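Got your viewer open and ready? Let's take a short walk through this model, one selection at a time.

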Amino acid sequence: MNKEIYALENTPINGHSVFLAGPTPRDKNVPSWRPDMIKILRENGYEGDILIPEKRGDYLDYEYVTQTKWEVDHLNAADIIAFWIPRNLETMPAFTTNIEFGEFLHSGKIVLGYPKEAKRMRYLQVRAEMHNIVVYHTMEELASWVAALQRTTQDVMDKSN
């Protein structure tokens, strides 16, 4: 528990986990949003494992099929899939993210977040509303919700034991 598990790492998941779904930059000049989200999750008291679909170090250096399989396995294993979609059609179009969102729409374990200025988010917003999926527009709100859910889940588990 309380680990960051990066792409292609086969570290066992212990306890509560959140998968950080969303676009990965495809250019070294575009910073990843995930380090900020990890920091904010921890500052909000999230104590579970964080599943990060980027490799440590040079996250742009990966083999596509192996990466895709790792992501699918860890999306399925996660307790929560936190979608943060800072969509920019030039630098982070999030086309794969759209597929993942649709694939897990009925899972009961997703939360959606995106900055208000993100482009082409109306469909995902409407689908989230149709399925009572909470939506946030800041990383802080999204991280706070994930941390609170983890604490509530832990309290329920502690009381049942």
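First, a term: on a 1 Å grid over the protein atoms alone, a pocket is an open set of points where a 1.4 Å probe fits, with protein on both sides within 12 Å along at least five of seven lines. Its volume is the space filled by probe spheres set on the points, which are joined across faces, edges and corners.

You're looking at a predicted model, where local features need pLDDT of at least 70, side-chain atom pairs count only at pLDDT 80 or more, and totals for chains, interfaces and linings use all residues. Residues are numbered from 1 along each chain as its sequence is written, and side-chain values use heavy atoms, with hydrogens and water left out.

**Stop 1**

The largest pocket has a volume of about 430 Å³. Select Arg-26, Tyr-64, Glu-71, Thr-96 and Glu-100: of the 26 lining residues (those with an atom within 4 Å of a point), these are the closest to the pocket's centre. Now colour α2 (64-77) and α3 (95-104), the elements that give two or more residues to the lining. Helices here are DSSP runs of H or I with at least four residues, strands are runs of E with at least two, and both are numbered from the N terminus.

**Stop 2: along α2**

Stay on α2, which has 14 residues and reaches 20 Å from its first C-alpha to its last.

**Stop 3: the ring pairs**

Show the aromatic side chains to find two aromatic pairs. Rings of Phe, Tyr and Trp (its six-membered ring) pair if their centres lie within 6.5 Å; planes over 60 degrees apart count as edge-to-face, under 30 as stacked and the rest as tilted.

Phe-19 and Trp-70 make a tilted pair, 6.4 Å centre to centre with 40 degrees between the planes. Phe-19 is in strand β2 (residues 17-21) and Trp-70 in helix α2, so this pair ties together parts 51 residues apart in sequence.

Finally, pick Phe-83 and Phe-101, an edge-to-face pair at 5.4 Å centre to centre and 75 degrees between the planes. Phe-83 is buried, at 0% relative accessibility, and Phe-101 is buried too, at 3%.

Conventions: Buried < 20%, exposed > 50% of the residue type's maximum accessible area, 1.4 Å probe, protein only. Expected span 1.5 Å × (residues − 1).
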